Amino acid sequence: MSDYQEKSGLKVHPLLVDFIENEALPGTGVFAERFWSGFAGLVGEHSVTNTRLLAKRDELQGRIDDWHRAHGAIAGDPVGYETFLREIGYLVDEPADFEIETTGLDPEITSLCGPQLVVPVSNARYALNAANARWGSLYDAYYGTDAISREGELAPGSSYNATRGQAVIDKAAEFLDLAFPLAKGSHREATAYVVAEQAGLANFVIDTAAGPTMLKDPSAFAAYGQQGERAEVVLRHNGLHAILVVDKTHPIGISQASGLADVVVESALTTIQDCEDSVAAVDAEDKVDVYRNWLGLMNGTLQETFEKNGRTISRKLRADKTYTDPDGKPLTLKGRALLLVRNVGHLMTTNAVLDTAGRPIGEGLMDAAVTALCAMSDKVNSRTGAIYVVKPKMHGPEEVAFACDIFASVEKMLGLQPLTIKIGIMDEERRTSANLKAAIFEARQRVFFINTGFLDRTGDEIHTSMEAGAVLRKDDIKAARWLQAYEDRNVLIGLATGFSGRAQIGKGMWARPEDMAAMLEAKVAHPQSGANTAWVPSPTAATLHALHYHMVDVFEAQKVRRGEPLPPLAELFSMPVLEPFALSREEIVRELENNAQGILGYVVRWVQQGVGCSKVPDINNVALMEDRATCRISSQAVANWLRHGLVSKDEVTSVFERMAAVVDKQNEGDPLYRPMSENFQSVAFQAALDLALHGADQPSGYTEPVLHARRAQVKARQARSG
Ligand SMILES: CC(=O)SCCNC(=O)CCNC(=O)[C@H](O)C(C)(C)COP(=O)(O)OP(=O)(O)OC[C@H]1O[C@@H](n2cnc3c(N)ncnc32)[C@H](O)[C@@H]1OP(=O)(O)O
Ligand SMILES: O=CC(=O)O
Ligand SMILES: [Mg+2]
């Protein structure tokens, strides 16, 4: 406490003072005094509202719990339920029809459709990789994943498997035939890719055994370039580029008559640098690390050096790519994804800054001020000068309006033009989905996306109806009608409020990072549904998901969907409860084990090592991306079954103890890992158990209060032991 520095009445942790004054402010034209007095003003102006809005969440939840105790499940009286939600102000009046008015957005938001990658910004190596994931090798994406079968003769093996390599080349040619068909024949038959220049103009000619041909749509030839032996031909389709790399000195190129060595695909158009659910940041030290990486991404200085496969690799942001177009003019393609930053929500407080009464301030207030300040140093990102903040976990229009008010205050304190800060609305809490049109209305001047964060949304669905009855198993919840109604309503309300061509309608995460074949099958449904973008967990997934935006013209899909009737609220509220005896004892135990394994596997790395996003095997050994949102689902599911007597406290405890040994085994190669099964009093094990046993009492079922407290405990212990 004594270390805190006094700044305009606030007490600020010295690490944060140092970062703000010596790293973030220089070059912005904002002086320290102005920043701190503005920041104190921000805290003074918004803290009371923040507290009031959180209290309203609790009050509404209490009323909903009471309703269920009196009336049972929604299905018993759906009309009464909706009336009740209106009476208590959970459902608000819809505004008259309107269209969003946001201006000054980059084309990656308004007119280009493609994958959105998410990455924990705390991890500089990954964050840089994610920023650079605008371009990805299709050959690598196919070769390195199950997108090409790994069975039999196609198994990758320890050295290059030429049979697999040929399958990759064939598959890439299939893509080229789909996106860039030839006037005659197939890319498979190409014997040379030639850019013929004449009188300052260039033509793209494809030689085949049957003679030369052109692209069916010659205007798809966008540009070309040459560096030594490596020639690049840039093609464009649906606004997205793919680069044919032709190089006869390359080990793959040499094996092809055409010399085609790779197809580089425009992949992550946008990347969310995440300060929220994939990050474990519990104090000033952690928060400064997060902010420093974000600043380095904005001013272009972030670098990371690491060892990989016995080599030292230095990673920094990629430069733009410059080519010559067919008319001889230069064409520059952005080397990096457009970066968006996800702030934390309205819930948590941080002791990095204490208010005038010595209380921790709202972490969301700090994120808004500091991430916007860092973005003022943007030299490489937005070409329109916009700052893109994704705001998660907002409950209803009032909370969206609150976020917009915060951003307006931040603009004032930093001397930014009003409406510089744009807002991405995560539609991931039930009260926001149910009032989406009103929520968008509140942000109509700054909204740049709505996105269905179906993972948090599932957690909130369980928590909101905690008293209604026992929930279905996780997979059955996802298959139920409410989820489709939620997804459809999001797209249709986005279209009705004028998003098409102006802002993104986004879809959720592919949470099985190793199942790329399944992703290729499933995720085409996102652009087909009219979504401009959808989340992927890795650069490789971005490259493969990008193919979907060549298969589907999203703006055409949106035209088809516009005018489709909106699923009624009754469908949104239709999540069923489990019928008595619907599940056998074995099924119940297996689901409990699965949830326990996921919670333990995620929490142990969070609490022990401060890793906010992990790949954790489920009970069937499928690797899942686990973050705070998926953990919220699992913990709420267990808490619900406990509440309704499907499992007992003793049973939950003993299953967690049993699964701790399984998780220990999964992590035995990690030198930093401390086994949980040797000590059930360990902080990590207790954190995981708390999330399950006390899940029903957590605010909106969130995991962060428990995780933050337990991680802080471990950090304090580590600091004491030096
Ligand atoms: C509900 C929600 O809120 S979803 C949003 C939050 N979730 C996320 O942000 C997911 C981000 N993804 C990740 O963090 C990771 O992909 C994980 C944790 C799922 C898996 O990580 P790992 O087990 O380390 O992956 P794996 O070993 O297969 O691959 C590592 C390589 O892929 C890269 N990589 C993996 N994920 C990403 C990513 N999201 N962005 C950039 N690079 C990535 C790494 O940089 C690394 O490559 P490198 O060695 O060249 O640096
Ligand atoms: O943030 C995304 C989600 O699914 O939750
Ligand atoms: Mg979420």
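This is a predicted model: local features need pLDDT of at least 70, side-chain atom pairs count only at pLDDT 80 or more; totals for chains, interfaces and linings use all residues.
Colleague: Fine. Which residues does UniProt list for "Malate synthase TIM barrel"?

Modeller: The unreviewed UniProt entry gives residues 339-558 for that domain. In the model, this span is 48% helix and 17% strand, with its end C-alpha atoms 25 Å apart.

Colleague: And where does the entry put "Malate synthase N-terminal"?

Modeller: At residues 17-70, again according to the unreviewed UniProt entry. That stretch is 87% helix and 0% strand, and its end C-alpha atoms lie 52 Å apart.

Colleague: Zooming out, how many helices and strands does the chain have?

Modeller: The chain has 26 helices and 26 strands. Its radius of gyration is 26 Å, close to the 27 Å that the globule rule gives for 722 residues, so the chain is as compact as a globular protein of that length. The C-alpha atoms fill a box of roughly 80 × 65 × 60 Å along the principal axes.

Colleague: Now helix packing. What describes two packed helices?

Modeller: The angle between their axes and the distance between the axes. Take α13 (residues 454-464) and α23 (residues 628-643): their axes come within 8 Å and cross at roughly 20 degrees. Angles under 35 degrees count as roughly parallel, so α13 and α23 are roughly parallel to each other. The crossing of α13 past α23 is left-handed.

Colleague: Which residues of α13 and α23 meet?

Modeller: From α13 come L455, D456, T458, G459, I462 and H463, and they meet A629, T630, R632, I633, Q636, A637 and N640 of α23. By class, that contact has 5 nonpolar, 6 polar and 2 charged residues.

Colleague: Are α25 and α26 parallel or antiparallel?

Modeller: The axes of α25 (residues 683-693) and α26 (residues 704-720) come within 10 Å and cross at roughly 170 degrees. Over 145 degrees counts as roughly antiparallel, so that is how α25 and α26 run relative to each other. On the α25 side, V683, A687, D690 and L691 meet V706, L707, R710, Q713 and V714 of α26. The contact of α25 with α26 divides into 6 nonpolar, 1 polar and 2 charged residues.

How values were computed. Residues are numbered from 1 along each chain as its sequence is written. Chains are lettered from A and ligands numbered from 1 in the order in which they are written. UniProt positions are given in the numbering used here, feature names are shortened, and annotations may be inferred rather than shown by experiment. Helices (H or I, at least four residues) and strands (E, at least two) are DSSP runs, numbered from the N terminus. Axes are lines fitted to C-alpha atoms, for helices over the stretch in contact, and angles run from 0 to 180 degrees between N-to-C directions. Angles under 35 degrees count as roughly parallel, over 145 as roughly antiparallel, 65 to 115 as roughly perpendicular and the rest as oblique. A crossing is left-handed if the near helix is turned anticlockwise from the far one by less than a right angle, and right-handed if clockwise. Two residues are in contact if their C-beta atoms, placed from the backbone, lie within 7 Å. Ala, Val, Leu, Ile, Met, Phe, Trp, Tyr, Cys and Pro count as nonpolar, Asp, Glu, Lys and Arg as charged, and the others, Gly among them, as polar. The radius of gyration is taken over C-alpha atoms; the globule rule is 2.2 Å times the number of residues to the power 0.38.
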